[in-house]
Amino acid sequence: PSTALTAGEQRQVEQRVSAFVAALAALPPLGPDFSEMVGTIAAIGQRDVSALAACSERAMQHAMQARTHHAGAALAGLRPLARELDPARPGGLLNPGKSLGLFTRAVAPEAYFRRFTNAQDEIVRVLAKLERARDDLLREQIRLRADRQQLGEAMGGLEAASSQARHLTTRLEWRVRQLADN
């Protein structure tokens, strides 16, 4: 998402800066109110920086969790099972092999399909693992979308704070030069 300020937001920033500089100029420079108001400058954008840090921390946690997903292990467990049940493999239904290296041996279809029956529990277990992994990945995708939106909002706030700080610096420098000339 774009973090550039709109013209309306830019005007609001300029108005806040003008009001801040006017209020600051009205205070006695050595008074506690002046010091307190100057101290608020340091807090500009702090909330947005904290939000960005939290988003960054969540992203790191998500990255570490992604390494521990079991989808890859479930798929790896499915491969040998699929090879074992492949009818085209040597000794399978479509490639019966040779007896004594010379004679083609017939494979009973019942024996071939019995392997499917025997592997049924393993197939169900692997498919359940894949389904859980898919659900985990979908939840992760939802979390990442929410984080992306929060990141965009925080970046927008940080852009506004940055713009405010630039305008404030310019206005305060102008005001100091003006006071120095008097």
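Before the first selection, one term is needed: a residue is called buried when its relative accessible area is under 20%, and exposed when that area is over 50%. Keep in mind throughout that this is a predicted model.

**First stop: helix α1.** Select residues 7-25, which form helix α1. This helix has 19 residues and reaches 27 Å from its first C-alpha to its last, close to the 27 Å expected at 1.5 Å a residue. Now colour V13, V17, F20, V21 and L24, which are the buried residues of α1. Looking down the axis of α1, you will find that its buried residues fall within an arc of 95°, so they line one face of the helix. An α-helix has 3.6 residues a turn, so residues three or four places apart point the same way. Turn to the other side of α1, where A7, R11 and Q15 are exposed.

Then select V13, V17, F20, V21, L24, M37 and L168, the 7 residues of the largest nonpolar core, to which helix α1 gives the most, with 5 residues. In soluble globular proteins, nonpolar side chains tend to be buried together.

Centre the view on V17, which, leaving aside residues up to four places away in sequence, touches Q164, H167, L168 and R171. Move on to Q164, which is found in helix α5. Is Q164 buried or exposed? At 18% relative accessibility, Q164 counts as buried. With residues up to four places away in sequence again left out, Q164 touches V13, R16, V17 and I44.

Select A74, which lies in helix α4 (residues 71-85) and counts as buried at 2% relative accessibility. If residues up to four places away in sequence are not counted, A74 touches V126, K129 and L130.

**Last stop: the largest pocket.** Select V21, L24, A25, L27, P29, F34, L172, R175, V176 and L179, which line the largest pocket. The elements that give two or more residues to this lining are α1 and α5, and α5 gives the most, with 4 residues. The volume of the largest pocket is about 180 Å³.

Technical notes: Residues are numbered from 1 along each chain as its sequence is written. This is a predicted model: local features need pLDDT of at least 70, side-chain atom pairs count only at pLDDT 80 or more; totals for chains, interfaces and linings use all residues. Side-chain values use heavy atoms; hydrogens and water are left out. A nonpolar core is a set of buried Ala, Val, Leu, Ile, Met, Phe, Trp, Tyr and Cys residues joined through side-chain atoms within 4.5 Å. Buried means under 20% relative accessible area, exposed over 50%, partly exposed in between (1.4 Å probe, protein chains only). Contact means heavy atoms within 4.5 Å. The expected span of a helix is 1.5 Å times one less than its number of residues. The arc is that of the directions from the helix axis to the C-beta atoms. On a 1 Å grid over the protein atoms alone, a cavity is a set of points where a 1.4 Å probe fits but cannot get out, and a pocket is an open set with protein on both sides within 12 Å along at least five of seven lines; lining residues have an atom within 4 Å of a point. Grid points are joined across faces, edges and corners, and a volume is the space filled by probe spheres set on the points.
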